[in-house]
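Thanks for coming, everyone. Please have a look at the sequence and the structure, and then I'll walk you through a few parts.

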Amino acid sequence: MKSLKSFKYVFCLSLLILAGCASKKPSDTANSGNASQITDQQSDLISVVAALHDQMHSWQGTPYQWGGTNLQGVDCSGFVWRTLKDRFNIPMDRVTTAQLIHMGQRVNEDQLQPGDLVFFRINHEMHVGFYDTDHNFLHASVSKGVMRSSLNNPYWKSVFLEARRLTREYDAQITFNPTGSESQLAKN
């Protein structure tokens, strides 16, 4: 198990390094500012995806517990809060879904990027998760705990409410799981 975590950590770091090496230099000086901005944004998104996947690896299967914020049990807003706090190092007090929906800027569903918050209205209650990639999102499901689901699923399509982008996470210092941090998370 320890070697799997080490492999995952090395794999994520390798992706980040390769992404930096694979970027093309702009051939046209008139567009060099735009090309640099796009390359920086792609690097940021790779870091965001790696951080989300690292968090998912640590939390997958954690049971749903209303108000929970640790590996013993977590609710949807608790999972989002812990991810923002632990992976993106955004200092913030515990927040609810009702507070999260007022943060950041609204994003059209066809412009979703990894790390955007996706909100759903289920039986007059709100639910939140992180957009991942390929129309998938990460969340704490009431029935199955922390998991990945598809926005293409007819159920999730029918209850989709809106998406929001928290720009601070793209400038954040991203943290990956050091060895043994899962036991620390379970205590917090």
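**Strands, a pocket and some salt bridges**

Strand 5 and strand 6 pair antiparallel, with 3 bridges between them. Keep in mind that this is a predicted model.

Let's stay with that pair. Tyr 131 has Phe 137 in strand 6 as its bridge partner. The two strands make a hairpin, with 4 residues between them. In that turn, Asp 134 has a positive phi of about 50°.

Now the other neighbour. How many residues of strand 5 are buried? 5 of its 7, so strand 5 is mostly covered.

Next, the largest pocket. It holds about 450 Å³ of space. There are 20 lining residues, and the closest to the centre are Tyr 64, Cys 76, Glu 125, Met 126 and His 127. Several elements give two or more residues to the lining, including helix 3, helix 4 and helix 5. Which element gives the largest share? Strand 5 does, with 3 residues. By type, the lining has 9 nonpolar, 8 polar and 3 charged residues.

On to helix 3, residues 76-86. Why call it largely enclosed by the rest of the structure? Because 10 of its 11 residues are buried. Among them are Phe 79, Trp 81 and Arg 82.

Arg 82 brings us to salt bridges. The whole structure has 7. One joins Arg 82 to Asp 86, with the closest N and O atoms 2.8 Å apart. Both residues lie in helix 3, 4 residues apart, about one turn of the helix. Buried means under 20% relative accessible area. Arg 82 is at 3%, so it is buried. Asp 86, at 19%, counts as buried as well.

Another salt bridge pairs Arg 94 with Asp 75, at 2.8 Å from N to O. It links distant parts of the chain, 19 residues apart. Arg 94 is partly exposed at 28%, whereas Asp 75 is buried at 6%.

A further one joins Arg 148 and Asp 132, at 3.0 Å from N to O. Arg 148 sits in strand 7, and Asp 132 in the loop between strand 5 and strand 6. Arg 148 is partly exposed, at 35%. Asp 132 is buried, at 1%.

Last item: Arg 106, Glu 162 and Arg 164 are linked in a network of salt bridges. Thanks, I'll stop there.

Note on methods:
Residues are numbered from 1 along each chain as its sequence is written. This is a predicted model: local features need pLDDT of at least 70, side-chain atom pairs count only at pLDDT 80 or more; totals for chains, interfaces and linings use all residues. Side-chain values use heavy atoms; hydrogens and water are left out. Buried means under 20% relative accessible area, exposed over 50%, partly exposed in between (1.4 Å probe, protein chains only). On a 1 Å grid over the protein atoms alone, a cavity is a set of points where a 1.4 Å probe fits but cannot get out, and a pocket is an open set with protein on both sides within 12 Å along at least five of seven lines; lining residues have an atom within 4 Å of a point. Grid points are joined across faces, edges and corners, and a volume is the space filled by probe spheres set on the points. Ala, Val, Leu, Ile, Met, Phe, Trp, Tyr, Cys and Pro count as nonpolar, Asp, Glu, Lys and Arg as charged, and the others, Gly among them, as polar. Two strands pair if DSSP finds at least two bridges between them. A salt bridge is a side-chain nitrogen of Lys or Arg within 4 Å of a carboxyl oxygen of Asp or Glu.
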